[in-house]
Amino acid sequence: MTHIATHQPAILAPAGNRTAFLAALAAGADAVYCGLKSMSARMEAKNFSIEELAQLVRLAHDRGVKVYVTVNALLKPDELDRAGQMIDSLARHVHPDALIVQDPGIVALARQVGFDGEIHLSTLANVSFPRALGFVARTLAVQRVVVPRELSIDEIKTMAKA
């Protein structure tokens with residue numbers, strides 16, 4: 001008998017504030033992604049403090065919902081310590097299921113400070129063709145790549161096959 005892999009679609013909801021986070025939980029999201037007040041690409045969103053996010057993640061986990069935290073900043077050398085401290089604080093107090101990152105350097109930094117959850121490469125990293133995906137697979141220890149929304153359905157299918 002041949003085993004055929006099947007994938008169950010999951011609903012991943014964005015949350016830029018507490019109300020949106022709670023609405024995503026109430027609506028039955030399988031996972032929620034959100035950012036902190038710093039090092040987020042969506043600075044217009046209110047986003048979360050470590051303390052507020054820790055409470056919301058506990059609530060989400062009690063309901064079986066995963067939480068992914070975006071760290072979508074492109075780091076400059078003088079920001080490494082602050083980013084490392086923030087990721088360490090996330091690991092110790094928030095316990096997100098994954099980080100979504102844009103800067104490949106954050107992957108190594110996250111592991112260095114002890115983050116042991118999944119790391120997903122953000123759509124902002126612009127991995128948009130199979131050869132780039134192969135490069136990421138060979139060089140970065142990430143569990144998922146989020147492809148850019150600008151790709152056509154055929155391009156997404158090609159990426160999925162790769």
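Okay, so 40% of the 162 residues in this chain are buried, meaning under 20% relative accessible area with a 1.4 Å probe, protein chains only (over 50% is exposed, in between is partly exposed). Keep in mind that this is a predicted model, where local features need pLDDT of at least 70, side-chain atom pairs count only at pLDDT 80 or more, and totals for chains, interfaces and linings use all residues. Residues are numbered from 1 along each chain as its sequence is written, and side-chain values use heavy atoms, with hydrogens and water left out.

Now the layout. We've got six helices and six strands, which are DSSP runs numbered from the N terminus (helices are H or I, at least four residues; strands are E, at least two). Starting at the N terminus, the order goes β-α-β-α-β-α-β-α-β-α-β-α.

Phe21 sits in helix H1 (residues 18-26) and Phe48 in the loop between strand E2 (31-35) and helix H2 (50-62), so the pair ties together parts 27 residues apart in sequence. Both Phe21 and Phe48 are buried.

Last stop, Ala132. You'll find Ala132 in helix H5 (residues 130-139), and its relative accessibility is 17%, so Ala132 counts as buried. Ala132 and Met159 are 27 residues apart in sequence, and 9.7 Å apart in space, C-alpha to C-alpha.
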